[in-house]
Amino acid sequence: MGVGDQRDFTGAEGASASFEEFVGASSARLYTMALLLTGRQRADAEDLLQGVLERAYRHWRRICRNGDPEPYVRQMLVHASVDRWRQRRRQREQPLAAAAANPAAGDQASEIADRDMLLRALGALPAGQRAVLVLRYFCDLSEAQTAATLGCSVGSVKKQAARALASMRASVGPAAEPEPSTRATRGDGAVFDE
Amino acid sequence: MMSDFERRLRAAMIAASEQPPANLMQEIRHRHRRHVRRVSFACVAVAAAIAITAQPVAHALRAGHPAAARPVGPASVGPALGSSMAPAAPADGCQPSVGALAPNWRDSSLQVGPVWFAYDRVQRYVHLGSSPGDHRGAGQLEVGVMIVEVDYGSRAALTVDPGAQSYFRFLNGFDNGSGPYALSAGFRSLTLVSCPPGTPPGDSGRVSDYYLGFIIKMGSDALVEVRTSASARPIPVIFTCLRTGCDT
């Protein structure tokens, strides 16, 4: 991921050149992050990323003053996505497609279907919870780093993450997360908890 | 420790990686240009709004006009007030007289404090008084011309009485044209600021002269207040347009 890479953008190079260099190096990560934050809505993700990068460009020298600009831009992206979600939260949520609710396990197709279902469930979360999961599992940030990015406490991050994961598990359904160590199958095929 | 669910979620997120659109940098530049244009336009609009609002207030303050005491807001900065006050600026300045008046012009002029309505005793378009006649509103609009002299070191604000504003306005210029005229072309007040006392005298003496006009409905009288300072009492004068015409 290279999230922690330190690059120098405060040298004698013009702000414009260093900004272009930053976009070239980070845009794929940031775009994927925008996609995850917007529930894989491509148009929204592009709009979100363009808006954030344009604002970053305006204050580029200041952003670069503290070293690697990526954490700051990432923070801008998260806040912008939460703001956007707040503005749109009156829109109806899209329920998960019934066909994707119970993927068959085993082959590659089911793996793809499983990922798709997980990302759909992620997209159905409130923006704050979604941001926590994206920062924790996509950006590989610790709970403390996630809390710093979101401007909240570590406890709040833990709580949000727990709620988000519980909500996703409920959406995806028990069949998507088999846990053989705690479950047993009877001879008639019924699954029960020990 | 990550649970299996968390590992699957992480794998799903990483597998969702996509390349951004190829024109990302171009779109950012486009947005930035749009932002700069929008901000520039907003700055120009704010500056224009401040200028439009400040000008009448500054005029009123300098002339001791009652408008200075009014709060600035939507009710007091309507289009009528704006149009009446702002264009008065060209008349508002030192203009030493340049040889148009006869040597004895003061004898034939009406004096209202430091303000002289030149040749009025011949033309009789304005006289001292506060009771306009009863014959207003009839006839069509006519244009009168007037030369106003103001003593050096003085200023005067001429304000049309609200009751006469529907048929009388000042013109900021010496208009000998033959119409048609519209009230909207005129102003409800004029502010005349003469030259400082030390200014060399012009051809007509130590006065600043203004070539002005007025629009009035023929056969009507219009009450106008002349105020020479914020503390001085306003002096009422009445502009008249006889059925034979407003000027000679």
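Student: How many bridges join strand β6 of chain B to β8(B)?
Tutor: Four, and β6 (residues 168-171) runs antiparallel to β8(B). Strands (E, at least two residues) and helices (H or I, at least four) are DSSP runs, numbered from the N terminus, and two strands pair if DSSP finds at least two bridges between them. Keep in mind that this is a predicted model: local features need pLDDT of at least 70, side-chain atom pairs count only at pLDDT 80 or more, and totals for chains, interfaces and linings use all residues. Residues are numbered from 1 along each chain as its sequence is written, while chains are lettered from A and ligands numbered from 1 in the order in which they are written.

Student: OK, which residue in β8(B) stands opposite B:Phe168?
Tutor: That's B:Ile216.

Student: And what about strand β4 of chain B, how many bridges join it to β8(B)?
Tutor: Eleven bridges link β4 (residues 141-151) to β8(B), again antiparallel. In that pairing, B:Gly144 has B:Phe214 as its bridge partner.

Student: How many residues of β8(B) are buried?
Tutor: Ten of its eleven residues, 207-217, are buried, so the strand is largely enclosed by the rest of the structure. Buried here says that 20 or more other C-beta atoms lie within 10 Å of a residue's own (exposed is 12 or fewer, partly exposed in between; C-beta atoms are placed from the backbone).

Student: Which strands of chain B form the open sheet?
Tutor: Five of them, in the order β3-β10-β9-β5-β7, with antiparallel pairing. The edges are β3 (126-128) and β7 (189-193), each pairing on one side only. From one strand to the next the twist averages 25°; axes are lines fitted to C-alpha atoms (for helices, over the stretch in contact), with angles from 0 to 180 degrees between N-to-C directions.

Student: What joins β5 to β7(B)?
Tutor: Five bridges, with β5 (residues 155-160) antiparallel to β7(B). One residue pair to look for is B:Leu158 with its bridge partner B:Leu190.

Student: Let's zoom out. How many helices and strands are in chain B?
Tutor: Four helices and ten strands. Of its 248 residues, 36% count as buried.

Student: Now chain A, how many helices and strands there?
Tutor: Eight helices and two strands. In sequence order, they go α-α-α-α-α-α-α-α-β-β. Chain A has 194 residues, of which 33% count as buried.

Student: Which residues of α5(A) are buried?
Tutor: A:Asp114, A:Met117, A:Leu118, A:Arg120, A:Ala121 and A:Leu122. They pack against α1 (15-37), α6 (127-138) and α8 (154-172) of chain A, together with α1 (4-15) of chain B.

How values were computed. Contact = placed C-beta atoms within 7 Å.
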